[in-house]
Amino acid sequence: MVIVFASKNPAKVAAVKKYINSQIKREIELVFLDVDSNVSPTPFSNEECLLGARNRIVAARKVTADADLYIGAEGGVFPLGEHLM
């Protein structure tokens with residue numbers, strides 16, 4: 001099984017490795033690609049985060065078209081009252 005994760009961000013990579021290795025009990029190949037999300041460097045809404053994650057998957061499929069699973073993740077913040085979450 002080949003899983004492509006559409007980021008090389010160290011924090012995201014560590015989280016994905018930890019999760020995949022704890023949940024999938026068969027031989028897998030994890031591929032990490034540095035692809036653009038085509039959103040703001042720090043997205044400021046859930047919608048922009050979702051769009052960035054989807055954009056990463058689309059870009060990853062253009063680079064590696066034969067994987068079994070593609071994962072896109074985008075971190076961001078959103079306003080909640082006077083605070084950013």
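A polar contact is a pair of N or O atoms within 3.5 Å; within protein, one must be able to donate a hydrogen and the other to accept it, and residues adjacent in sequence count only if both atoms are side-chain atoms. Please keep that in mind for E48 later on.

Some housekeeping. This is a predicted model, in which local features need pLDDT of at least 70 and side-chain atom pairs count only at pLDDT 80 or more, while totals for chains, interfaces and linings use all residues. Residues are numbered from 1 along each chain as its sequence is written, and side-chain values use heavy atoms, with hydrogens and water left out.

First, the overall layout. The chain has 2 helices and 5 strands, where helices (H or I, at least four residues) and strands (E, at least two) are DSSP runs numbered from the N terminus. Along the sequence they come in the pattern β-α-β-α-β-β-β. A box of roughly 45 × 30 × 20 Å, taken along the principal axes, holds the C-alpha atoms. Of the 85 residues, 32% are buried; buried means under 20% relative accessible area, exposed over 50%, and partly exposed in between, with a 1.4 Å probe and protein chains only.

Next, the strands. Two strands pair if DSSP finds at least two bridges between them. Strand 1 pairs with strand 2, residues 29-32, in the parallel sense over 4 bridges. Between those two strands the chain passes through helix 1, and this β-α-β crossover is right-handed, which means that, with the strands pointing away from the viewer, the path from the first strand over the helix to the second runs clockwise. One of the bridges joins V2 to E29 in strand 2. Strand 1 also pairs with strand 3, again in the parallel sense, over 3 bridges, and there F5 stands opposite I71.

Now S7. It sits in the loop between strand 1 (2-5) and helix 1 (10-23). Is S7 buried or exposed? S7 counts as buried because its relative accessible area is 4%. Contact means heavy atoms within 4.5 Å. Not counting residues up to four places away in sequence, S7 touches K12, V13, F32, L33 and R56. The S7 side chain also reaches the backbone nitrogen of N9 at 3.0 Å. V35 is 28 residues from S7 in sequence, yet 6.3 Å from it in space, C-alpha to C-alpha.

A salt bridge is a side-chain nitrogen of Lys or Arg within 4 Å of a carboxyl oxygen of Asp or Glu. How many does a search of the whole structure find? It finds 1. The side chains of R56 and E74 form a salt bridge at 2.6 Å, N to O. R56 is in helix 2 (residues 46-63) and E74 in the loop between strand 3 (69-71) and strand 4 (79-80), so the pair links distant parts of the chain, 18 residues apart. Both R56 and E74 are buried.

Also in helix 2 is A53. A53 is buried because its relative accessibility is 11%. Leaving aside neighbours within four places, A53 is in contact with G72, A73 and E74.

Last, E48, likewise in helix 2. E48 is buried yet has no salt bridge. What does its side chain make a polar contact with? The partner is the side chain of S40, at 2.7 Å.

How values were computed:
Lys and Arg count as positive and Asp and Glu as negative; His and the chain ends are not counted.
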